[in-house]
Amino acid sequence: MCLFFFQTTHVDRYGESSLSFTGLCPSFQGSYLNQKIDYEIVTCWLQSAKLARKSGHQQRAYSCLLEASVLNIPETFVEKSKWHWNKNEQEQAINILQKGIQEHFPDVSQFKNNPSQKQKEAAACAKATLMLAKYSEESAVLESNALILMYRDVVAIQPEWEEGHFHLAKYYDRVMTTLEKSEKKSEVIVHMVQCYGCSPQYGCRHLFHSMPRMLSLWFDLGTQVVEHQKSKKPPQNQWERMLNVMTTKVIPNFVEKLPPYLFYTAFSQLISRIGHSHPGISLQLQVDQQVGRKRRKLRT
């Protein structure tokens, strides 16, 4: 069996790869090896479709998608949805995602109940669900409560995925700007801090957004509590309670779990707030600094 990969000429600016297979033995028909080869061929067609779509060659991308459709895998309907979305066909893109998830992942609960099982299928399901949540939000076809549940499903399906935690935190961030009652805002802030803190545990792609934002939410909440206390207005017990939860439980938990060097990305922010007006936050920052020193000594 001979396998040849030929790159097209430089005229194909998006870098599409064309494949030529010669000498395939008929005895391999239906075998595991033949199935594996078919999968790799479809993967190459999908990669070509992606490159063509990003380069603006929509017709070429569609032709590649037709070639990839011979094998019904989850990546195909995901790329097809992106293609429709790129053409401003939002409704069709969402419908393809919904149908694809129902067809390939009819029982999503199996991933939620057993996150360690079927990692590849769970990752594909989480990616498709996240895309559906983002598209549904951008096209405003679902209300906020339904979108929160969808973003939470992504985290439940793939708990150890940075993207799921990060995008859930960002959606909480957008929801907070629409809330009027301070009690609800304090609850959302705690959820945001937890999600932003979980995100760097599984990757560093969004670290320079997650870490500063997590610390800013904590510091700003402490500042608001102190200013409210100085104004001699009726106490906001909910705000103080949520701040106490973050200061004594949430933040120390992340200090224990996250490597110290991740916090260095927000070093200037930490230094500038070492003398925070809220005594609990200022004390916790000093404790965190001591914990970081001990962990570095143990490693050396």
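**Serine 136 and its surroundings**

Leaving out residues up to four places away in sequence, serine 136 touches Ile94, Val141, Leu142 and Leu147. The model is a predicted one. Serine 136 lies in helix α6. Its relative accessible area is 1%, under the 20% limit, so serine 136 counts as buried.

Around tryptophan 218, with neighbours within four places in sequence left aside, the contacts are Leu243, Met246, Thr247, Ile251, Ile281, Gln284 and Leu285.

One of the residues touched by serine 136 is Ile94, and the stretch 90-104 is helix α4. Helix α4 packs with helix α3, residues 74-86, at an angle of about 170°, and the two axes are 7 Å apart. An angle over 145 degrees counts as roughly antiparallel, so α3 is roughly antiparallel to α4. On the α3 side, the contact is made by Pro74, Phe77, Lys80, Ser81, His84 and Trp85. On the α4 side, the residues are Gln90, Gln92, Ala93, Ile96, Leu97, Gly100, Ile101 and His104. Sorted by class, this contact has seven nonpolar, six polar and one charged residues.

The cysteines can be taken next. The structure holds zero disulfides. Cysteine 195 is in none, and the nearest cysteine sulfur, that of cysteine 198, is 6.5 Å away. Cysteine 195 is buried, with a relative accessible area of 10%. Cysteine 204, by contrast, is partly exposed, with a relative accessible area of 44%.

Last, the protein as a whole. It has 14 helices and two strands. Of its 300 residues, 41% count as buried, and serine 136 is buried too. Taking contacts between residues at least 6 apart in sequence, 62% join residues at least 24 apart.

Definitions and conventions
Residues numbered from 1 in each chain as written. Predicted model: local features only at pLDDT ≥ 70, side-chain atom pairs only at ≥ 80, totals over all residues. Heavy atoms only, no water. Axes fitted to C-alpha atoms, helices over the stretch in contact; angles between N-to-C directions. Helix = DSSP H or I, 4+ residues; strand = E, 2+ residues; numbered from the N terminus. Parallel < 35°, antiparallel > 145°, perpendicular 65-115°, else oblique. Contact = heavy atoms within 4.5 Å. Nonpolar A, V, L, I, M, F, W, Y, C, P; charged D, E, K, R; others polar. Disulfide = S-S within 2.5 Å. Buried < 20%, exposed > 50% of the residue type's maximum accessible area, 1.4 Å probe, protein only.
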